[in-house]
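User: I'd like to learn how to read a few features off a protein model. Could you walk me through them?

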Amino acid sequence: MKFEAIGADNGYGEVTWTHKDAILYALGVGAGQDDALSELQFTTENSQDVTQQMLPAYGVVLGMTYGTRPDIGDYHLSQVLHGEQSFVVHKPLPIAGSAKIGTVTTGIYDKGKGALAVLESTVADAATGEVWVTSQTGLFIRGEGGFGGDPQPVVEWSVPERDADIDASSTIREDQALLYRLSGDRNPLHSDPKFAAMAGFPRPILHGMCTYGVTGRLLINALCGGDASRVKGMGGRFSKPVMPGETITVSVWKQDGSAVFQTRNSNGDVVLDRGTFDYTEAN
């Protein structure tokens, strides 16, 4: 797959990152937090007999942060919530590189109380045009529904009628959002108490993509033996914000070469729903 074949309706952005950015993102989604020696492939670049790896969800971060966002109308940032997120890995993202990023609007759906805008970003090698990651981002814009647009297409999803095969947990640090925002998402909803109050929250909430990244890291450790190169894709729908200080638990039901999952907070509420995770089975 080549970048030129996909195109971008509003031009494209470019970005360069280093191994330090890869480490910062890993720390931002909790790598090494519970055991500083357990995830050195994500948190160090010079550990003996350990090859540094990039967590694949960083491709989503690049697309959201550095892509040229198409014009989808006027709205206030405080009314925007991250509704859904998915990505497909075409080739593992390198720990350092340069990419060009194109973003197109694939749909704007009427959700009644709000509108859901779906954007697709393509992250490709700046030199060759080879695509590394494509991602789809669903932005829920409160108060913008009821315009008579098409409803969102329904995608079948369910969990098996059995206990989860795996439950994996991680406690979100009180300063996790402050650390995660250094990877590029400076939305004040996650750091500014006054801005959070404007959006109807008692205090700044965790980035949805941080919840997503922590979940993805737990899935890689649980299903891929900590080998990020085995990840093929991941998707999920944000259903409730996570507050710093909470513990989240990912419940996983394995299938052949894939899994479905739900992520819950300390109260047992689902915060990331309709989860899918595709990976390569171990030899």
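Predicted model: local features only at pLDDT ≥ 70, side-chain atom pairs only at ≥ 80, totals over all residues.

User: Let's start with the helix. Which residues of helix H2 are buried?

Analyst: The general idea comes first: an α-helix has 3.6 residues a turn, so residues three or four places apart point the same way. Now the case here. H2 spans residues 19–28, and its buried residues are Ala22, Ile23, Tyr25, Ala26 and Gly28.

User: What do the buried residues of H2 pack against?

Analyst: Four helices: H3 (40–43), H4 (58–66), H5 (176–180) and H7 (208–223). One of the buried residues, Tyr25, also belongs to an aromatic cluster with Tyr58 and Tyr180. After H2 comes glycine 30, with a positive phi near 90°.

User: On to strands. How many residues of strand S9 are buried?

Analyst: In a regular strand the side chains alternate between the two faces of the sheet. As for S9 (residues 258–264), six of its seven residues are buried, so to speak mostly covered.

User: Which strands pair with S9, and in what sense?

Analyst: Strand S8 (residues 247–255) pairs with S9 in the antiparallel sense over seven bridges, with valine 252 opposite phenylalanine 261. Strand S10 (residues 270–279) also runs antiparallel to S9, joined by six bridges, and there valine 260 faces threonine 276.

User: What do the turns look like?

Analyst: S8 and S9 make a hairpin with two residues between them, and glycine 257 in that turn has a positive phi of about 70°. The S9–S10 hairpin has five residues between its strands; its turn holds glycine 268, whose positive phi is about 90°.

User: Last topic: how many aromatic pairs are there?

Analyst: A pair of aromatic rings is described by the distance of the centres and the angle of the planes. Searching the whole structure turns up six pairs. Take phenylalanine 87 and tyrosine 212: the centres are 6.3 Å apart and the planes stand at 65°, so this pair is edge-to-face. Phenylalanine 87 sits in strand S2 (residues 80–89) and tyrosine 212 in helix H7, so the pair ties together parts 125 residues apart in sequence.

Technical notes. Residues numbered from 1 in each chain as written. Heavy atoms only, no water. Buried < 20%, exposed > 50% of the residue type's maximum accessible area, 1.4 Å probe, protein only. Contact = heavy atoms within 4.5 Å. Pairing = 2+ DSSP bridges. Phe/Tyr/Trp six-rings, centres within 6.5 Å; stacked < 30°, edge-to-face > 60°.
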